[in-house]
Every structure is written in C-alpha cells, then in structure tokens.
Amino acid sequence: MSWLLGYGKTAYTSHTSPIPIIGKSGNKTTLQELAQASIPPCRLNPFLFNGHLQTMFTAWKDPGPPIYYKRHISASDHTVYPGTFAVDFVVTKEEGEAATKDSELPERTTFYSDKEWANVASDDNKPMLVALHGLSGGSHEVYLRETLAPLTAAGWEACVVNGRGCALSKITTPQLFNARATWDVRQTIKELRVLFPNRPLYAVGYSLGANILTNYCAEEGDKCVLTAAVSNSNPWNLEMCNVELNRTWLGVEVYSRTMGKNLMALYERHKEQMLQNPGIKREEIEKCKYLYEFDRHVQCPTWGYPTEGAYYRDAQSVDAVVAIRIPFLGINAEDDPISSKAAIPYGEFKQNPYTLLCTTNWGGHLGSFQLGGGRWFATATANFLSKVHETIDHKASKAARQEDKVDAPNKVYPIFDPNHRRLVLPEL
C-alpha cells in the first residue's frame, strides 16, 4: 500500500565488475554510484496508482515547459535509404520569438535560414544532448521537453532527431522510420562532430527512440563517439512486447489501437509518397486499426520483412545491450503495459559492465507522473546526465578501461554477434 504515499521502489541491475570510472578529482566510482547520487527517490502521484493510469494520463493535455527550436532539413547520405529528415535544434526564447512563424511546423518551431545554418558551427565545449522521441512523436513531446528544459537552462545545447514523417516533417521517399532506423541518428552525430568538434555529445531515447538509440550504440561499439546515453521506456524485446500487448483487451483495444491510430494519421499525411512503394496496398492499409496491422501492411513491405514477427525480431534491441561500449543507463517501469516487464533484459545488463539498468515498480509507459507535476524519469535522466558530465574524467576513464583490458576483443569461436543475433563460426 506504499502507493498511498506515492512511494515507488527503485532497483538497479548491473555487472558484478562494472567499468572503471575516474572522477575529475581522481577518485574512482561506478555508474550505479553516480545514479544513486543523482537520481531522486521515485515519488509519484498516488491518484495514478498503477501503470495503466500512469500511461493513460500521458494523453492529458499538458503544455509542458516551453522549448524553442530551429529546424534543419538534412539530406540522407545513405545509399539504400535516401531522402530527407528533420533535426530540431534548441534555441533561446528570444531567437525563437524573433523568427518568422510557420503554420506547417509544430508550435515554437521555425526553420533555420540558409545564412543562420551557415553560421551555426562553434568551437565551444558545451555539453550537447541528442534526443530521439517515441513512436510517431517528435520534438514537441512534453516528456522530451521535460528532460531538455533543465539541461538547456543549465547551459547545455540540444537537438532532436525526428523520425521521418514525424513532427510535421515531410518525406521525399516512400519510407517512414522503423524500429531499427539508426542511419539518421548516425548521420546527425557525424555532422555534429564536425560542426561542434569540442562538444561532448550525450544522447537520450524514449520508447521506440530508446530502441533505436540502443541499437545505434551497439552498432557503433567501441567506436561510438557519444560520451554517455540514457534509454527511457525502451520496449527492448519487440516480439515479446507484441505478444504481451495482444494478450489482454486493454492491450489490444486501448494501447495497440491508439498507436495504430497515430500511425494511420502519419499515413494520411504522407500517403501520396508512401503509395509510390508498389509493395504497399492502399486497400490493406486503410483497414488497419492496430499497431501490428500497420507493421504488417506498411513496415514489412517497406523494409522487406516477410512478417511483423521477423521485423520485431530483427529490430529489437534486447541483444544489442551486450555490444554497448559507452556508459549507458536504461530506465524502465516494471508495470509498463507497453514496454512489458517480460521484455526487460535483466540478464544482458548483468553481462555488460558498461551498462546499468534502473527499474521502478510503478510508473507506466513514459509516465511516472509526480504529484507536484512533471515526470520522475525526466528528472532522473537530466540529473544523471548532469552528474556524469560534471563528475567523470572521460579520457582518464577510457584509459583505465584499456589498461584493465575491459575492451579486449574475444576472438575465440564461436562468437555471438549481438547486432545480428547469430553465432559467427570460422569457415571450414
């Protein structure tokens, strides 16, 4: 009955020998110690006393903290997935209000002029956060702005990589985003590294964006240029989440139907482009009501998957956890009805000394609403990233890991490739 007082329980899961972290004062610490020193106790709104109420309350119209953006349209450099995508950069209130409003963009968002973009590069060393939103969302989402607001107020820079077609962006090819669409965030981070060579880069992902971010960090491995990353409400095992979602009436008729409706709204906005794909059939799409139906009739023919199950198995990030080689925090609520507890990779977090899992027994999906307003996980994320930036000597920590041979590759066959979920064997 601790919920009567708003008390949620917080637990941490990690490797028994986590990576060595050297503080700027020379002291040694761990990711868990940094998390415990920065993440506040989980105290939630007792009127939203379970995961369903917490999740459903996300539909409540909350203005959230005002964040102003300038949008840049990037042309994809991917040879297989060309097209464009939108990246929204946080700017000051004064810059935002002085810009010419555009009714075709989200609130408080305007385009960079060519002149402004030509002068955006900087040699400053401010910390910079790259954010990835959830399914069919965008930079306008309140949960995302609640994380950005305290960090940018403290001097951080930030940008949001919008999924293709999201946040009122336009698509120029028949493809939207998918759960493994790491190429746009990869290109963005490469470009940020050129534009801002001295800025330490951090990243945060939410729900589907958390899945994409986890896959990105794993695919980059020890070459990842991010200083640290945080995953919020990651569904991790998409196939398991799909099974759990379709197991109950609420899962099917509330959550899956709502997500399907949101995706269908994207289809309606972009169908002229999407229907140029000969594999997509108008009559099949326009009957879609549920998330899995959209995945079956849109994502599968778009990306070449034979079934939605194959798509989920390939795109999920549950195995990717073990390939991450930067400080990485995952935050999940165990009563999340969308990112099911059954899908949380406790074992994988125990196997990777670079990672830390923080779970709460209460909070729902992108909820964790507090009685006084705001979301607990947004505060936890901002506090943790601030602590990591202010505390860690990242060069010394990396040198310590190399000295301890934490990054030494294992060349003994068979080798499990976590990014392709297959054992690699030597040729006979």
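Visitor: Which residue meets Arg-180 in a salt bridge, side chain to side chain?
Guide: This is a predicted model: local features need pLDDT of at least 70, side-chain atom pairs count only at pLDDT 80 or more, and totals for chains, interfaces and linings use all residues. Numbering starts from 1 along each chain as its sequence is written, and side-chain values use heavy atoms, without hydrogens and water. A salt bridge needs a side-chain nitrogen of Lys or Arg within 4 Å of a carboxyl oxygen of Asp or Glu. At 3.4 Å, N to O, the partner of Arg-180 is Glu-219.

Visitor: How many residues apart in sequence are the parts that Arg-180 and Glu-219 tie together?
Guide: Helices (H or I, at least four residues) and strands (E, at least two) are DSSP runs, numbered from the N terminus. Arg-180 sits in the loop between strand S8 (157-161) and H6, while Glu-219 belongs to helix H7 (residues 208-220). The pair therefore links parts whose separation in sequence, in residues, is 39.

Visitor: Is Arg-186 buried or exposed?
Guide: Buried means under 20% relative accessible area, exposed over 50%, and partly exposed in between (1.4 Å probe, protein chains only). Arg-186 has a relative accessible area of 17%. Arg-186 therefore counts as buried.

Visitor: Which residue forms a salt bridge with Arg-296?
Guide: The closest N and O atoms of this pair are 2.6 Å apart, and the partner is Glu-308. Arg-296 is in helix H11 (residues 291-303) and the partner in helix H12 (residues 308-315), so the pair ties together parts 12 residues apart in sequence. Arg-296 is partly exposed at 37% relative accessibility. Buried at 13% is Glu-308.

Visitor: What end-to-end distance separates the C-alpha atoms of helix H6?
Guide: Helix H6 (residues 183-195) has 13 residues. The expected span is 1.5 Å times one less than the number of residues. For H6 that gives 18 Å, and the end C-alpha atoms agree, at 18 Å.

Visitor: Which residues does Ala-35 contact, leaving aside neighbours within four places in sequence?
Guide: Ala-35 is in helix H1 (residues 31-38). Its relative accessible area is 0%, so Ala-35 is buried. Contact means heavy atoms within 4.5 Å. Beyond its sequence neighbours, Ala-35 touches Tyr-12, Leu-356 and Phe-384.

Visitor: How far apart in space are Met-274 and Pro-353, C-alpha to C-alpha?
Guide: Met-274 lies in helix H9. At 0% relative accessibility, Met-274 is buried. Met-274 and Pro-353 are 79 residues apart in sequence; in space, C-alpha to C-alpha, the separation is 42 Å.
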